[in-house]
Amino acid sequence: MPVEENQEGGLFYGTTNIETGKVGDEYFMTKGHFHQKMNRGEFYWGIKGNGVLLLMNKQRKMSAEKMSPGSLHYISGYTAHRVVNIGLDTLKFGACWPSDAGHNYEEIERNGFSARLLEVDGKPTLI
Ligand SMILES: [Fe+2]
């Protein structure tokens, strides 16, 4: 049985494409979010292209994981997540999350992530 958004008991999944490119020295990326129900986790997996998954916990401590075709990424609860395309082609990745997780984009709109992934001397660098 399909489950409505914000109702518990189901899993949603989808795919995202990020075109290649930069604004200044910052790569194209997703906006990033926490989940409205902060304890809800998520899986991401790489399908095409090369990217970086940026993770930030509630204490604003950051970590990063490389995404490539076949890579699998567990995003634990209480962790904001954003994907950056560092490749020369479109990055495509899949996602699967609990139906009651919800999205909180406002926190990132207000305070951003504590570090950004920029191209420095031709290489992705977390600054
Ligand atoms: Fe999410």
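Visitor: About how much space lies in the largest pocket?
Guide: This is a predicted model, in which local features need pLDDT of at least 70, side-chain atom pairs count only at pLDDT 80 or more, and totals for chains, interfaces and linings use all residues. Residues are numbered from 1 along each chain as its sequence is written, while side-chain values use heavy atoms, without hydrogens and water. A pocket is an open set of points on a 1 Å grid over the protein atoms alone, where a 1.4 Å probe fits, with protein on both sides within 12 Å along at least five of seven lines. With volume taken as the space filled by probe spheres set on the points, the largest pocket has about 210 Å³.

Visitor: Which residues that line the largest pocket are the closest to its centre?
Guide: Lining residues have an atom within 4 Å of a point. E1, E4, strand E8 (79-85) and strand E9 (91-98) each give two or more residues to this lining. Of the 16 lining residues, the closest to the centre are Thr16, His33, Tyr44, Phe93 and Tyr105.

Visitor: Which strands stand at the edges of the four-strand sheet?
Guide: Strands are DSSP runs (E, at least two residues), numbered from the N terminus, and two of them pair if DSSP finds at least two bridges between them. The open sheet has the order E1-E9-E4-E7, with antiparallel pairing. Because each has a single partner strand, one side is left without a neighbour in the sheet for both edge strands, E1 (11-18) and E7 (72-75).

Visitor: What is the bridge partner of Tyr44 in E7?
Guide: Strand E4 (residues 42-48) runs antiparallel to E7, and four bridges join the two. Within E7, Tyr44 has as its bridge partner His73.

Visitor: Which residue in E8 is the bridge partner of Gly51?
Guide: An open sheet of three strands is ordered E6-E5-E8 and paired antiparallel, with strand E6 (62-67) and E8 at its edges. Seven bridges join E8 to strand E5 (residues 51-57). In E8, the partner of Gly51 is Asn85.

Visitor: Which residues coordinate the iron ion?
Guide: Donors are N, O and S atoms within 2.8 Å of the metal (3.2 Å for Na, K and Ca); water is not among the atoms, so sites may look incomplete. In sequence, the donor residues of the iron ion follow the spacing H-x1-H-x6-E-x38-H. At 1.9 to 2.3 Å, the iron ion is coordinated by His33 (NE2), His35 (NE2), Glu42 (OE) and His81 (NE2).
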